[in-house]
Number of protein chains: 2
Amino acid sequence: MTEEKLVSIGEVYLKSDRSSGNMVVLKEKEEDSHHFIMFVGDSEFAAIAKEKGMVEPKRPLTHEFYLRIVDNLSVEFLRIEIYDMKDNTYFANVFFRANGSEHTIDSRPSDAVALALNRKIPILVNYKLFRRELTPEEIKEYEEICKTVKF
Amino acid sequence: MTEEKLVSIGEVYLKSDRSSGNMVVLKEKEEDSHHFIMFVGDSEFAAIAKEKGMVEPKRPLTHEFYLRIVDNLSVEFLRIEIYDMKDNTYFANVFFRANGSEHTIDSRPSDAVALALNRKIPILVNYKLFRRELTPEEIKEYEEICKTVKF
């Protein structure tokens with residue numbers, strides 16, 4: 001496996017509109033033109049929005065429910081890495097320490113990002129998955145492509 | 001708190017249609033006319049459908065992701081209880097053993113049922129939340145009420 005550049009994410013943005021759905025945009029810094037974008041389902045969008053303080057669901061969301069279970073155990077979450085895209089699907093790993101050793105769990109990026117925001121751990125994204133800022137014309141075409149991508 | 005009768009669920013049914021949404025129906029036995037019904041979101045419906053072997057998502061769902069983390073720890077899930085309805089919302093508790101003691105975690109019933117099916121642990125429902133079989137006329141009226149109930 002070749003050495004790949006991981007970018008440490010500083011900004012997580014949410015956008016939602018009827019035509020393109022729920023978008024999660026990750027950037028290293030606010031002023032950067034390069035970004036990582038993924039389209040997510042309603043529950044995953046709500047989970048990330050909750051962690052950003054944008055919504056306040058009355059009942060625990062799925063990831064909150066499990067994090068409360070984990071809080072009874074000795075688990076230290078370390079970081080998440082969104083590292084690849086295969087068959088039009090992004091892949092992430094979540095790293096944590098338990099029972100004295102480090103573990104890695106396969107994850108959808110949306111679950112990983114919600115967890116990372118909750119636990120305030122680093123979000124790392126493979127630079128090859130980043131995109132430069134698009135022109136309005138490119139956005140239209142790009143969104144058509146993105147809508148066919150599953151997460 | 002008064003002693004309340006808990007029913008042990010033997011059957012979990014899923015129904016989905018455009019007019020009434022995603023329904024999860026719990027019964028003690030297949031032939032029983034009394035049942036517990038709840039309306040759930042798409043993700044929660046998918047999680048339960050996955051556990052029933054009805055769908056096979058390519059990527060881990062949120063609860064599967066967390067259960068894989070929990071599998072690295074010493075947790076024994078014991079049972080779930082759907083025990084009350086307040087402010088038009090059903091409430092459940094999940095019971096588990098970790099570090100030598102028993103813990104209880106507040107949960108939405110949909111998360112609890114998906115977990116229970118995954119771990120093959122008892123699903124218990126307070127009998128006061130059960131309903132008898134409805135006539136077709138009652139179903140129409142009842143579904144209107146249910147649609148306003150949040151889970």
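In this predicted model, B:Arg97 and B:Glu76 form a salt bridge, with N and O 2.9 Å apart. A salt bridge here is a side-chain nitrogen of Lys or Arg within 4 Å of a carboxyl oxygen of Asp or Glu. B:Arg97 sits in strand β6 (residues 89–98) of chain B and B:Glu76 in strand β5 (residues 75–86) of chain B, so the pair links parts 21 residues apart in sequence. Helices (H or I, at least four residues) and strands (E, at least two) are DSSP runs, numbered from the N terminus. B:Arg97 is partly exposed, at 36% relative accessibility. B:Glu76 is also partly exposed, with a relative accessible area of 41%. Buried denotes under 20% relative accessible area, exposed over 50%, and partly exposed in between (1.4 Å probe, protein chains only).

Salt bridges with shared partners connect A:Glu4, A:Asp84 and A:Lys128 in one network. A:Asp111 and A:Arg108 also pair, at 3.2 Å from N to O. Both of these residues, A:Asp111 and A:Arg108, are buried. Over all chains, the count is 21 salt bridges.

Residues are numbered from 1 along each chain as its sequence is written, and chains are lettered from A and ligands numbered from 1 in the order in which they are written. Local features need pLDDT of at least 70, side-chain atom pairs count only at pLDDT 80 or more, and totals for chains, interfaces and linings use all residues; side-chain values use heavy atoms, with hydrogens and water left out.

The interface of chain A and chain B contains 3 salt bridges. One of them joins B:Arg59 to A:Asp106 at 2.9 Å, N to O. B:Arg59 lies in the loop between α1 (42–51) and α2 (62–70) of chain B, and A:Asp106 in strand β7 (residues 101–107) of chain A. B:Arg59 is buried, at 11% relative accessibility. A:Asp106 is partly exposed, at 26%.
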